[in-house]
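Thanks, everyone. Let me put the model up, and then I'll walk through a few local features.

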Amino acid sequence: MTRSAIYIRKSREDRDKPSHRLTVQREQLPAHARAQGWSVEVYDDGHASAARGKAEDLKERARLEADVRAGKIDVILTIELSRLSRDETLEDYLAWLNLCSSHGVKLATPSRILDPSQHSDWMLLLMEGGFSSVEMKVLQARMKEGRAEAFRKGKWLGGSPPPPYVYDKATGCPQVDPDQLAKMRRLWKMAETKSTRDIAEAFDMPVIAARRAISEERLLFYQALREDPQTGELIPCEWEPVMKADQTERIRQGRRTRRRAPKRVAAGLFSNLSIFTCGYCGRTVRAWKNHRTRKDGSRIDYYGCTAKDTRRKCEKSRMFPQTIIDERILTNFFGTLERVEELKVWWKDNDKTGQALDRLADLEAEETTLTTQKRRLIAAIAEGVIDFADARQKRTEIETRLGEIRARRSELAGAQRPEPNWKALAISRETFDFLGFEEQREFLSLAIQNIRLFSSYLIIEYNFPRASDGRKEARIHLPPPPKPAGTRQVYKA
């Protein structure tokens with residue numbers, strides 16, 4: 001019995017030809033196949049686009065392709081051949097023709113059957129694919145022109161509208177949600193005098209969401225306006241405005257004023273470096289400026305987790321004086337580099353790069369051999385030297401092994417690390433102290449892979465082993481937290 005695969009898909013939910021509707025496909029195609037005496041297997045992708053860049057989402061089409069490659073299909077039945085592919089470049093369409101041709105699969109519609117392995121049918125299929133490609137390009141051009149026209153007329157272009165609007169299917173346009181409007185009006189009122197960070201904390205939302213809520217594009221949207229990118233003209237839109245121009249200007253003015261305020265963040269030797277992170281939440285550790293001056297005129301700046309920047313919880317993290325952190329890390333750092341000759345030996349003893357390169361070469365040679373075997377196997381099948389059913393298992397074994405080789409190559413490539421620049425690291429603490437601030441930060445990044453800050457200690461992970469057994473980490477203890485009020489503890493740098 002002929003094994004048929006019925007492929008069903010519709011690119012859009014409306015405005016399509018009646019004969020292409022999903023209900024028609026689901027009813028007529030199986031009935032047609034059974035009338036021919038074929039067995040039926042349905043592959044239904046429902047509403048989905050097969051345009052370029054979207055075909056990866058067609059899960060049922062992917063299952064159909066796998067079954068064709070496995071030799072389970074004799075004929076594919078669709079309402080029209082463009083259901084299989086709607087790629088304006090014809091690349092995907094040609095790939096399907098070659099796939100069906102190489103596996104002896106015919107392509108059918110309710111009115112005809114074409115065999116891509118036959119020259120005459122191949123030509124017809126190419127011509128039909130070309131017409132479909134041209135039709136797709138014309139359709140895209142018309143859609144682009146229609147969208148531009150709708151933009152100029154202030155029409156809703158689709159998507160999810162921002163609060164306080166919700167999309168109304170009945171009108172096809174955003175409508176105002178009274179509950180969300182009350183909340184947004186409180187947010188807008190606060191935005192006239194407060195920063196986005198204050199708004200985010202007050203409304204328990206991410207800072208980026210608060211910033212987006214008062215962005216220039218949103219302020220225009222709230223007034224039912226949009227800006228023409230070509231002329232800069234403001235276009236009235238079809239939805240109801242919820243914000244007046246005077247409030248918009250107050251929010252803009254407050255935003256400009258706050259933007260000019262200087263950022264009061266101190267710079268530390270390790271602040272805002274990607275290598276210095278909180279050991280509890282993983283966020284970057286930054287420097288914090290302390291504006292309180294001590295009796296001797298000095299001031300203590302601190303390191304701390306950025307979770308405290310917006311009062312987000314990182315309950316175990318603490319603030320540490322920069323001088324204590326800097327000194328203890330540098331002491332360990334230069335104490336480690338004093339043993340540079342031992343470090344070189346330990347690096348070579350624990351370096352697996354050479355072994356990885358040898359293994360990569362072996363894998364590459366094996367991959368070349370398997371690829372050649374696969375090519376010869378396909379040629380033998382095409383020439384009829386070997387039966388497809390007999391070759392299927394061998395081809396599956398080859399493809400499985402090729403997949404394993406590629407995965408192993410990626411793993412080995414990721415494990416390789418370049419040897420540290422020992423010459424660049426061979427400087428003393430005294431020389432380091434004479435370097436510029438940015439030069440010092442760059443130098444430290446040459447040897448340190450990561451620093452994790454905890455409440456009572458920190459862990460430095462170097463780019464090379466610090467011991468003969470390959471260990472790269474150093475643990476440094478930190479002072480305990482300050483004592484309760486009345487027994488104030490003074491940090492000593």
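Start with Tyr165 and Phe221. Both of these residues are buried. Keep in mind that this is a predicted model. How far apart are the ring centres of Tyr165 and Phe221, and at what angle are the planes? The centres are 5.3 Å apart and the planes stand at 80 degrees, so this pair is edge-to-face. Tyr165 belongs to strand S6 and Phe221 to helix H8, so the pair ties together parts that are 56 residues apart in sequence.

Next pair: Phe270 and Phe276. Here the ring centres are 6.1 Å apart, with 75 degrees between the planes, so this one is edge-to-face too. Phe270 is buried, and Phe276 is buried as well. How many aromatic pairs does the structure hold? There are 17.

There is also a cluster. Which residues form it? Phe333, Phe334, Trp422, Phe432, Phe443, Tyr462 and Phe464 make up one aromatic cluster.

Now charges over rings. Look at Arg286. Its charged end sits over the ring of Trp288, at 3.8 Å from the ring centre. Then go to Arg475. That residue lies over the face of Tyr457, 3.6 Å from the centre of the ring.

S14 covers residues 448-453 and S15 covers residues 457-462. The two run antiparallel, and 5 bridges join them. Across that pairing, Ile451 stands opposite Ile460 in S15.

Where is the cis peptide bond? It joins Pro163 and Pro164, with omega at about 10 degrees. Pro164 lies in the loop between helix H4, 119-152, and strand S6, 165-168.

Two residues deserve a look for phi. Asp204 is not a glycine, yet its phi is positive, about 50 degrees. This residue lies in the loop between helix H6, 196-202, and helix H7, 207-213. The other is Ala224. Its phi is near 60 degrees, again a positive value in a residue other than glycine. Ala224 lies in the loop between helix H8, 216-222, and strand S8, 225-227.

So, buried or exposed: which is Asp204, and which is Ala224? Asp204 counts as exposed because its relative accessible area is 72%, and the cut-off for exposed is over 50%. Ala224 has a relative accessible area of 6%, so it is buried; that cut-off is under 20%.

One link back to the opening.

Over to you for questions.

How values were computed
Residues are numbered from 1 along each chain as its sequence is written. This is a predicted model: local features need pLDDT of at least 70, side-chain atom pairs count only at pLDDT 80 or more; totals for chains, interfaces and linings use all residues. Side-chain values use heavy atoms; hydrogens and water are left out. Two strands pair if DSSP finds at least two bridges between them. Helices (H or I, at least four residues) and strands (E, at least two) are DSSP runs, numbered from the N terminus. Buried means under 20% relative accessible area, exposed over 50%, partly exposed in between (1.4 Å probe, protein chains only). Rings of Phe, Tyr and Trp (its six-membered ring) pair if their centres lie within 6.5 Å; planes under 30 degrees apart count as stacked, over 60 as edge-to-face and the rest as tilted. A charge sits over a ring if NZ of Lys or CZ of Arg is within 6 Å of the ring centre and within 35 degrees of the ring normal.
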